[in-house]
Amino acid sequence: MNQTSLWLDGYSISKEKPTIQNKKVDVCIIGGGIAGISTAFALKDSELNVILIDKGTIGFGATAYTTAKISYLQELPYQKIVTMHGIEAAKLYYNSQKQAFNQIKYNIDTYHIDCDYQTVKDYILANDVSSVAKVKKEEALLKKWNVPYQTITTLPLPISFQYGIGVSSAVFHPLKYLYGLKKQIELKIPIYENVFAKKINKNKNSYTIETDIGKLEATYVVVATHYPFFIIPSYIPFKTHVEKSYVIASKTKDIHDFSCITTGTPMHSIRYHNDYLIYGSYAHALTNHLDDEKNLKKIKERFQNHFQKEIDYIWFNQDLIPNDGLPFIGETEKGSHLFIATGFHTWGMTNGTIAGTIIADLIQHSYSPYEDLFMIKRNWNLSRVGHFIVDACRYAKIYLQTILIQNPKFYRDHVCVINENGTRIGIYIDDKGIQHKVYNQCPHMKCNLIFNEKEKTWDCPCHSSRFDIDGNVIRGPSMQSIKISK
Ligand SMILES: Cc1cc2nc3c(=O)[nH]c(=O)nc-3n(C[C@H](O)[C@H](O)[C@H](O)COP(=O)(O)OP(=O)(O)OC[C@H]3O[C@@H](n4cnc5c(N)ncnc54)[C@H](O)[C@@H]3O)c2cc1C
């Protein structure tokens, strides 16, 4: 069983370290996942001098771990948006997702991108009584907007449900698509891998981006790093929480031309790719269910209960869930020239694609029809305040829990957290008996870190930063290490 994503098969990490010292450009895009690559693609024919940098290999972030459904039905998004923002906003969100869906197909056809694109029926299935009412509510919205759909009560699946609706949709291989776009981008725009952006400083009319290999100056900066690595100016940690879920790929002869997701508990997400069934489940807030070993066991059991098949690949992924149902895409503040794209609530194929279009439009024409919808500084309402309180309680709970985890007995005998003169220190003792000591607090927002027994990393249970046993940052939003200087 491979403990990695099926999509990474055949792709390797790029190791080349470029030189970029003191480059001056119009636009610097930071991050080469679906959002950053789509932005570069949308700007490739402009007159602007653009570059894209990524701290690792293009496409190896969250985009490599998705299930890669290109969906505008998603998981009942529209009724939530109606409640939070009104019916006009919900319709506009629908338009944005449909536009992104069409854009992906257009790119594939125009540039002959071979990415296993397949048209499927995409279903949302109600697997308990209360969910039926929710699905019917979503159906009423589709009807109102004249979206063609079909209703169903059975599917050839070992999963029971009561009612479902489906629309014409598609699936693809996310990395093949991304690398197809990359090939076109590179004809016009340089892409630099293994360049770690550490800080963005504001100058009078530009920004200086400090990276691990030198400084860059740009008039416009696009932060497409999945989680923005700054707290101010977008305050994303106060408007989102991180959700983690697990995915399994298993060889099967029963291939179908549909994808689906259940609403209600438990959640099952299904699609097919070549001769694989791809199954996702066990979604939970990062602050809950801290033991990855247990989590993996649970999803394996759930999969076996339904499918009784061998597991060929197993992996997990994380995404930012906005507390008001809409991603954050656009300028952090009007005229700031600093852009972000995040909070795709597990629907990043369409949202990352539309993010590219929106940001390119805003940079070139100072206008996008979706500017207000996805605005970073949009208004709070009562319902959103409620969600914010729920998120805040989650963080408070995990903070207290990690204080209790300080008890060395929580871990096996090779890990402990001690208090040295008021500072929390995490210690991992390796096979040779060598102690690896690090600070036990995440530099991002001071959450206490927990040790991931499976991957031998220190993980932040609040905002998903990760560090190796010697304190080096593996993934953000934290930019700083947790090393103890000797
Ligand atoms: C289990 C699961 C299943 C999903 N399935 C689907 C699905 O079926 N359909 C769908 O539409 N969406 C799905 N999603 C959501 C989707 O995977 C994400 O929303 C999307 O991939 C995010 O893309 P991104 O470009 O924002 O981030 P990433 O792909 O993570 O790209 C960010 C890039 O920025 C780089 N970076 C980070 N920090 C820095 C830095 N400081 N300097 C330089 N570079 C940096 C990283 O190396 C990375 O390459 C799923 C999510 C989960 C959790």
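Colleague: Let's start with handedness: in which crossing, left-handed or right-handed, does α2 pass α3?

Modeller: Ground rules before that. This is a predicted model, where local features need pLDDT of at least 70, side-chain atom pairs count only at pLDDT 80 or more, and totals for chains, interfaces and linings use all residues. Residues are numbered from 1 along each chain as its sequence is written, and side-chain values use heavy atoms, with hydrogens and water left out. Now the crossing: α2 passes α3 in a right-handed one. A crossing is right-handed if the near helix is turned clockwise from the far one by less than a right angle, and left-handed if anticlockwise. The helix names come from DSSP runs (H or I, at least four residues; strands are E, at least two), numbered from the N terminus.

Colleague: And what are the angle and the distance for α2 and α3?

Modeller: In general, two packed helices are described by the angle between their axes and the distance between the axes. Here, helix α2 (residues 77-85) and helix α3 (residues 87-110) have axes that come within 7 Å and cross at roughly 140 degrees. Axes are lines fitted to C-alpha atoms, for helices over the stretch in contact, and angles run from 0 to 180 degrees between N-to-C directions.

Colleague: Which residues of α2 and α3 make the contact?

Modeller: On the α2 side, Pro77, Tyr78, Ile81, Val82 and His85; on the α3 side, Ile87, Ala89, Ala90, Tyr93, Tyr94 and Gln97. Contact means heavy atoms within 4.5 Å. By class there are nine nonpolar, two polar and no charged residues. For the classes, Ala, Val, Leu, Ile, Met, Phe, Trp, Tyr, Cys and Pro count as nonpolar, Asp, Glu, Lys and Arg as charged, and the others, Gly among them, as polar.

Colleague: How do the axes of α3 and α7 cross?

Modeller: At roughly 90 degrees, coming within 8 Å, with α7 covering residues 348-365. So α3 and α7 are roughly perpendicular. Among the contact residues are Tyr93 and Phe101 of α3, and Met349 and Ile354 of α7. That contact has six nonpolar, eight polar and no charged residues.

Colleague: What about α1 and α7?

Modeller: Helix α1 (residues 34-43) and α7 have axes within 7 Å of each other, crossing at roughly 40 degrees. That makes the two oblique, and α1 passes α7 in a right-handed crossing.

Colleague: Moving up a level, which domains does the chain have?

Modeller: Domain 1 is 6-65 + 176-237 + 326-385, domain 2 is 115-170 + 241-322 and domain 3 is 405-475; such bounds come from an automatic or database domain assignment.

Colleague: How much area is buried between domain 2 and domain 3?

Modeller: About 840 Å², with carbon and sulfur atoms giving 60%. Buried area is the accessible area (1.4 Å probe) that two parts lose on being put together, summed over both. Leu286, Leu290 and Glu293 supply 44% of what domain 2 buries against domain 3, more than any other three residues.

Colleague: Last one: which peptide bonds are cis?

Modeller: Most residues other than glycine have a negative phi, and most peptide bonds are trans. Here a cis bond joins isoleucine 232 and proline 233, with omega about 15 degrees. Another runs from threonine 265 to proline 266, with omega near -5 degrees. On phi, histidine 112 has a positive value of about 50 degrees.

Technical notes: Parallel < 35°, antiparallel > 145°, perpendicular 65-115°, else oblique.
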